[in-house]
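Here's a quick briefing for anyone meeting this structure for the first time. Have a look at it before reading on.

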Amino acid sequence: MKLISTSNYEKLSQQAGEEIISRIKRNPTLNLGLATGSTPTGLYQELIKDHKQHKTSYKEINTFNLDEYIGISKKDRNSYHYFMCEHLFEHIDIPLDQTHIPDGTAKDLDEECSRYEQFINEHGGIDLQILGIGQNGHIGFNEPGTPFDSRTHIIDLAESTRKANSRFFESLDDVPKQAITMGIASIMDSKEIFLLVSGASKAKALATLMNGDVREDFPASALKNHGNVTIFADKDATALL
Ligand code: F6R
């Protein structure tokens, strides 16, 4: 894993943004894996700014999001569909039918998981996957203990994850208890991975990732077995290294 440390969150977002834009220029039909949450929003701002200033085009890009809550409609402002439209898709020229996110309202959720996994494969797999990390080491919504050979599946969210994400909801009770997430093996199939880590609250997770063993009770440690991972971390996140 290559670690790029930056002085602050803005620089982290800029550097990750530049790398993504250069890959899109090299491969205008890139399959881009996306994450939600607070960490990538600065990066999405950079992509939008560049699109407006330099006209980098997303017309032939397909995007695949890592995860979606179960039981929340696409129109709900807490859904990851809504999040992605608000933070990225509405502001660039990507056709919406080329943006793909698991459907957390599907009638048959198991079938939706298989369909999503197959769908990514039919598109030739993900060229570049953007990841954040949970304080407990989760990637996507793969909580500690998720098998490394897992594919897209339904997961019970850890209480700590629900609490961390309750900042987006009116109350903790409103945070869904389950989500659909790409599995660890699905993520590991990506040709390249960018892991973004920002803030003091992630310092312990980053130190565990860099210095700890590869173990299923720390999902991000699977990334150590991937040959093409770049970690972008800001100063606060690297404090314990
Ligand atoms: C989001 C996702 C999660 C987040 C993680 C960190 O699609 O898959 O793994 O990346 O929970 O979230 P933030 O960035 O809000 O700290």
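Is Asp 67 buried or exposed? With 22 C-beta neighbours inside 10 Å, Asp 67 counts as buried (buried means 20 or more other C-beta atoms within 10 Å of a residue's own, exposed means 12 or fewer, partly exposed is in between, and C-beta atoms are placed from the backbone). Bear in mind that this is a predicted model, where local features need pLDDT of at least 70, side-chain atom pairs count only at pLDDT 80 or more, and totals for chains, interfaces and linings use all residues. Residues are numbered from 1 along each chain as its sequence is written.

**Active site**
- In an unreviewed entry, UniProt puts the feature "active site" at Asp 67, Asn 136, His 138 and Glu 143; such annotations may be inferred rather than shown by experiment.
- Asp 67 sits in strand β4, residues 67-69 (strands are DSSP E runs of at least two residues, helices H or I runs of at least four, numbered from the N terminus).
- Leaving out residues up to four places away in sequence, Asp 67 touches Tyr 80, Gly 140 and Phe 141, among others (contact means C-beta atoms, placed from the backbone, within 7 Å).
- His 138 is in the loop between β6 (128-131) and β7 (153-156), and is buried too, with 25 other C-beta atoms within 10 Å.

**Helix α1**
- The buried residues of α1 include Leu 12, Ala 16 and Ile 20.
- On the face turned away from the buried side, α1 carries exposed Glu 18, Ser 22, Lys 25 and Arg 26.
- The buried residues of α1 pack against β1, α2, β6, β9 and β10.

Notes. Two residues are in contact if their C-beta atoms, placed from the backbone, lie within 7 Å.
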